[in-house]
Amino acid sequence: MSNRESVHDDKQERVYTDEEKHRAAYALNMCTVSISQIIAYDDLNILEQEYDTILNNLDLEKIPKDEALLRILRQLLDTITYFKIQEGDRKFIEREYQEKMRNALWAAVPNFGVFVAGTDPYTMAFSLASQVGVGYMNYRRNKNEYLLQREKDEWKLQRAAMEQFNALRRELFDTAWRLAETYGFKDEYRLTERQINQYNRILMDTDDIRKYERLDSIKEKFAAYPPFWYFFGNAANYIAENKDLDITEELRLDYRKKAMDHFKKYREFEHIRVLREDSIAASCLLEHVDILLGIGNYEPYRDKVLDMIREAIRMSGGSNEVLELCAIAYLRMREDAEAAKILRILVNEDYNKVLNGQLLSGLYVRMRDRKGYEVLLQRVDPQYLYPMPESDQFESDAEADFLNRQRLLLKKKYQRVLADLVRKYSVRWNKLTSVFDEERIYPEKFFWDTAQSEVQRCITVSRLFEERRGKGRRYTERMHQVELYLGMLDNLNDLFRAVLDIDECLRESSQIDQAVHQVEENLDSVRGVIDDAQEAMHNGGFDQEAYISLQRVNFSAIVKPAMIKMYRRIAKGIDGDDMAVITAREAKLNRFCKDQELELPEIAVDPGSAVGAVLRREHELFAPELFGDSAVLAQKRRRAEKKLIDDMRKEMNENVVQPNGQKFVFYKGDESFRRYLDIHTKVEPLVARHTYMIIDNGEKALFFTGAGILIDGKRTKCTKYHEVKLTCGKNGDDGIVLHEITFGELSYKSTYRNKFLDMGTLYRFIQELSDCFGEQEG
């Protein structure tokens, strides 16, 4: 019985074809290898990948209909869901992957003008599919590199997870053994635990040539596990394309041929696929495409290559990583329309938005598609894009314009990072003396080196010493332990040690000496103030007056001149950079921000946030100083108000307002705010002028003003922010108490509830406003 075979059990006779047997064995092997890799790698990212790529992607119509197997798979998916990776870590890996893609592409195409012109068919002769690959492959290859930037224990599986996975793996092996008898497939189809463990250890081998040789030695064992042949081919292709390996071109060609043979072998298993969306199969096709395109004259099999790219798109299920690689393959083949179609999708999905926007802009320029370019301007800030030349503009001018804009953007990013770094250490300096109440959590802005923050601190310290509960005395006792001199030295040393890591050009001894000399000069001017403060601390007399005097020591002002000189040194080096160097610098700057726990310096990616930045001048033509101090103060007040409203809007939209609740919130400066006040004519002009936000869902209206919250905009019903209380009702029916009046034993409370708001989060936001406004009157 060669093609069909009868299998008997106690209930009925069932005949399985060879294809069904093969598919059953493949499905079982896929599950057992997947769970074994989760355990072997002991890494949350691998767990996430196996969940998305394999276990939650199985086509249940094609795997064996066995209740025990399905039960184990359900338990496995539930367990993984419970232990899945944090969203922040997922974004970290995704950003690292996208940076690697950008670096690889610009290293291969440093002259964007040649790419736009399309005159050189070898402009894009490189293999991203094998050297970078999809995220599934890239993370496994570079796992140790990622872990250098994260605490390894952060991504290790919890012991409880490991115990559950081991138990499920044992059950899965038992089930596989039983199903092998049920389906009657050959014993060599079923992978044993020892074979899988050996396979996993080989995949983790960092010696590429040795990895290939070890895979070659076990290939006979993997007749019913198709992914083996992709990983086998990937290992060969990586060796062929890795320029860091010191091997002859003849040997590279040999590995390239082996890779194609293995990829063809993998594709022979197409009829027994068990995954709904198969990024591994798509990767196999794209690496094969890369090899064919790299041979040189691919025209004789052009249609075959195009079919392979289309098949990769179909198999990917819309995976952005796969689509990116397909777009690059189309670009290499000068299939501009197909490439543009994919790049447009990726830009609209905000995937690697800057890189894909730049490639798409280059294509539109090449095709002279001005309408497409105009639409792209609404999605990506113009300063990132390759400029559409005017009718009389030379291509070389457009290339120079594009490069200069990328250099300017990079300079702005360095400016922002240096400013954030100085702020980080100025906050640390101010925290030495400005944590007045250890039980209170202060917002970061409270410690900034700004005039507004300094005023807030001085007001707070004045109140501290006016209180009769002994907080001022306890603060003075704590200050007795502070060493200002050492605090300043530690801060300066840590700051400049960090700055020297930003760019190698700053490490010249003459550059360092200049920075040190500049800082020492600035310190001399305030050294007497530090001496007096330190003496007061040691004598136990560091009071309100001593604190206010110490505010003359502004850490930012001390280091700013040195920072400016260092920035200019970096900017001078950027002036000669091409796109490859610019991209490498940006990646290094991003890693620096991660190490220093700074925000990444994203500059104007979305047009809504900064389209005007490309048009705005470096300085206004007419400054407020033209009209004196009153105008300067008015402008500062206006900017501070705008910043406050922007912060309120961000906090409300992201954390407080529930779905469908935005229509009940109005912000100063918006047209809806103006219309609201036009309708509610009883609101006093004074109240309207000092109101920043209104919440009104048809019951009570809350006016958020500089003095506090006004119910229905009435000044007689004003509750200061620090007086607002949270009340917790039954069934999560929380609210805030705004207006409370007590008459002896009787009391009246005005409680506000709103089903469209997270009341607990709103209460915490109001406490932050209390820190921002203090206890202002009327």
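Start by selecting C593, which counts as buried because its relative accessibility is 0%, where buried means under 20% relative accessible area, exposed over 50% and partly exposed in between, with a 1.4 Å probe and protein chains only. Then select C458, which also counts as buried, at 16% relative accessibility. A search of the whole structure finds zero disulfides, a disulfide being a pair of cysteine sulfur atoms within 2.5 Å.

Before going on, note that this is a predicted model, in which local features need pLDDT of at least 70 and side-chain atom pairs count only at pLDDT 80 or more, while totals for chains, interfaces and linings use all residues. Residues are numbered from 1 along each chain as its sequence is written, and side-chain values use heavy atoms, leaving out hydrogens and water.

Now colour the chain by pLDDT, the predictor's confidence in each residue, from 0 to 100; the chain averages 78, and 76% of the residues score at least 70. Select residues 1-11, where pLDDT stays under 50 and the model has 24 contacts beyond four places in sequence, a contact meaning heavy atoms within 4.5 Å. Residues 604-623 also have a pLDDT below 50, with 26 contacts in the model beyond near neighbours in sequence.

Next, select helix α11, residues 208-218, whose buried residues are D208, K211, Y212, L215 and I218; helices (H or I, at least four residues) are DSSP runs, numbered from the N terminus. At the start of α11, look for a side-chain oxygen of D207, which reaches to within 3.3 Å of the backbone nitrogen of I209.

Move on to the loop between α16 (320-332) and α17 (336-348), where R334 has its place. The phi of R334 is positive, near 60 degrees, although R334 is a residue other than glycine, and R334 counts as partly exposed at 42% relative accessibility.

Finally, which residues touch the most other members of the largest nonpolar core? Among its 160 residues, they are Y199, F496 and F542, and a nonpolar core is a set of buried Ala, Val, Leu, Ile, Met, Phe, Trp, Tyr and Cys residues joined through side-chain atoms within 4.5 Å. Helix α20 (residues 395-434) gives the largest share of this core, 13 residues.

Conventions
Helix = DSSP H or I, 4+ residues; strand = E, 2+ residues; numbered from the N terminus. Polar contact = N/O pair within 3.5 Å; in protein donor to acceptor, adjacent residues only side chain to side chain.
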